[in-house]
Amino acid sequence: MHNFHDAQELTKALCPDIPVLLNRPHAARRAARYFVEQFPGKSLYAVKANPSPALLKLLFSEGVTHYDVASIDEVRLVRSTLPDAVVCFMHPIKSEGVIREAYAEHGVRVFSLDTMEELEKIERATDNADDLTLCVRIKVASEFAQISLASKFGIDVADSAALLQRARQAADELGICFHVGSQAMTPLAYVHALERVRTAIVEASVTVDIVNVGGGFPSIYPDMTPPSLNHYFSAIDRTFEDLPISYSAELWCEPGRALSAEYNSLIVKVEQRRGNELYINDGAYGTLFDAAHIGWRFPVQLLGKGSEGATMEYSFYGPTCDDIDHMAGPFLLPEDVKAGDYIEIGMLGAYGSAMRTKFNGYGSIDDYDVADEPMASVYVGDNLDRTDRENVVSFPGV
Ligand SMILES: *Cc1c(COP(=O)(O)O)cnc(C)c1O
């Protein structure tokens, strides 16, 4: 397949009538290397953020060996794409048949849970296996994250002692995990959550082998520039080191967004313009689910023209017949956008291409690799170690 340098070159050559997903392998590799080298523990990729096999292979080749999956199809996908990967089943509610298949047929040994029933289910489905790593998911606050994951899963720390003790007996290795919510805008989210882990360990007085701080590591979007990832890593490291755990205890994380956001952007075509509404050929049932349903803003650029001249705020309508196929934005573009123009929408590698459906006969897409930089990156320049210390956790010197 012919590859292009960037969206500009591609639209000029192809004038695509369907949306085009652009892959940036170099950006995914850079993200993987950063986590593998800088995170003070093991980084599991959360497959749901972007299950593209090409991406999985890129991450694996850069040293991401562990994969966080949440369904049997994700188990099968990772196992068939990466035969040597370690697959960790981190959904706390699974059916017994699924656990049995994951354990017996795909070599899965790591499971999460947040109830006694789930623990009993895992024991039955694995015939009381003695090689299990069981991660008890605790409930933590989502107050610092843009997308909450606080209410659905996790046992209250106040109720967790008995479950931790029972899981300790059943497990070869015992872990505690949590998720602070997606796009956590300050390292404090992890510090507060780890304080709950401390309480849970103390109350249950169990030996913990793994502390898994989950996902939530941020990327960059319009009006959402988080502190640099190294501040998250050092805050997590310091708080982890201070927990009542053994020297050999492991620290894990499960980034989805941070490893995949920069991997994709999207080229859409403007089919019609009405005032400040642009009717484009992808939308709420396609790659722009988050833009529509939770009002997420993504960076945009008009292709084929210089960027001088006045800009204005637009919103987008997607191609299906539904009113909710609407992305409010606002998206800032030149005043003279017209039907037939192409727009590149950036930072769609996480929860973008993964959300695509075939509703209303749309959803077909082409994809190409490109070599230019993503519209924003947490892994280059100032963003690698931003010096403005807003939201950064400082620790007294040791
Ligand atoms: C979704 C999810 C992740 C990834 O979250 P991001 O915010 O994309 O980093 C990690 N762990 C679990 C258990 C999840 O459900």
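Analyst: Lys94 is found in the loop between strand S4 (86-89) and helix H5 (96-106). The model is predicted, and what follows describes that model. Is Lys94 buried or exposed? Its relative accessibility is 4%, so Lys94 counts as buried, the cut-off being under 20%.

What does the side chain of Lys94 reach? The side chain of Lys94 comes to 2.6 Å from the backbone oxygen of His91. A polar contact of 3.0 Å links the side chain of Lys94 with the side chain of Glu118. The charged end of Lys94 also sits over the ring of Phe89, 5.8 Å from the ring centre. There is another case of a charge over a ring: the charged end of Arg109 sits over the ring of Tyr103, at 3.7 Å from its centre.

Glu344 belongs to strand S17 (residues 342-345). With a relative accessible area of 1%, Glu344 falls under the 20% limit and is therefore buried. The side chain of Glu344 has a polar contact of 2.6 Å with the side chain of Ser265. A polar contact of 2.8 Å joins the side chain of Glu344 to that of Gln301.

The next topic is the aromatic rings. A pair of aromatic rings is described by the distance of the centres and the angle of the planes. A search of the whole structure finds 18 aromatic pairs. In the pair of Tyr190 and Tyr232, the ring centres are 6.1 Å apart and the planes stand at 75 degrees, so the pair is edge-to-face. Tyr190 is part of helix H8 (residues 188-204) and Tyr232 is part of helix H9 (residues 229-241), so this pair ties together parts that are 42 residues apart in sequence. Tyr190 has 0% relative accessibility and so counts as buried. Tyr232 is buried as well, with a relative accessible area of 0%.

Phe217 and Phe233 form another such pair. Their ring centres are 5.9 Å apart and their planes are at 80 degrees, which means that the pair is edge-to-face. Phe217 lies in the loop between strand S10 (210-212) and H9, while Phe233 lies in helix H9, so the pair ties together parts that are 16 residues apart in sequence. Phe217 is buried, its relative accessible area being 1%. Phe233 counts as buried at 3% relative accessibility.

Which residues do ring pairs link into a cluster? The cluster consists of Tyr34, Phe35, Phe39, Tyr190, Phe217, Tyr232, Phe233 and Tyr379. Among the buried residues of H2 are Tyr34 and Phe35, along with Pro25, Ala27, Ala28, Arg30, Ala31 and Ala32. Helix H2 (residues 25-38) has 14 residues; at 1.5 Å a residue they should span 20 Å, and the end C-alpha atoms are 20 Å apart, so the two values agree.

The ligand comes next. It is surrounded by 13 residues, of which the closest are Lys48, Ser182, Glu254, Arg257 and Tyr351. A polar side-chain atom of Glu254 is 2.4 Å from a nitrogen atom of the ligand. A polar backbone atom of Arg257 lies 2.8 Å from an oxygen atom of the ligand. From Tyr351, a polar side-chain atom lies 2.5 Å from an oxygen atom of the ligand. The ligand taken alone exposes 390 Å², and the protein buries 91% of that.

Last come some details of the backbone. Most residues other than glycine have a negative phi, and most peptide bonds are trans. Gln183 is not a glycine, yet its phi is positive, at about 55 degrees. Gln183 has its place in strand S9 (residues 182-184) and is buried, with a relative accessible area of 0%. Ser205, also a residue other than glycine, has a positive phi near 35 degrees. Ser205 is in the loop between H8 and S10. Is Ser205 buried or exposed? Ser205 is exposed, with a relative accessible area of 63%. The peptide bond from Gly329 to Pro330 is cis, its omega being near 0 degrees. Pro330 is placed in strand S16 (residues 326-334).

Notes. Residues numbered from 1 in each chain as written. Predicted model: local features only at pLDDT ≥ 70, side-chain atom pairs only at ≥ 80, totals over all residues. Heavy atoms only, no water. Phe/Tyr/Trp six-rings, centres within 6.5 Å; stacked < 30°, edge-to-face > 60°. Helix = DSSP H or I, 4+ residues; strand = E, 2+ residues; numbered from the N terminus. Buried < 20%, exposed > 50% of the residue type's maximum accessible area, 1.4 Å probe, protein only. Lys NZ or Arg CZ within 6 Å of the ring centre and 35° of its normal. Near = heavy atom within 4 Å. Polar contact = N/O pair within 3.5 Å; in protein donor to acceptor, adjacent residues only side chain to side chain. Areas by Shrake-Rupley, 256 points an atom, 1.4 Å probe, with all protein chains shown as cover. Expected span 1.5 Å × (residues − 1).
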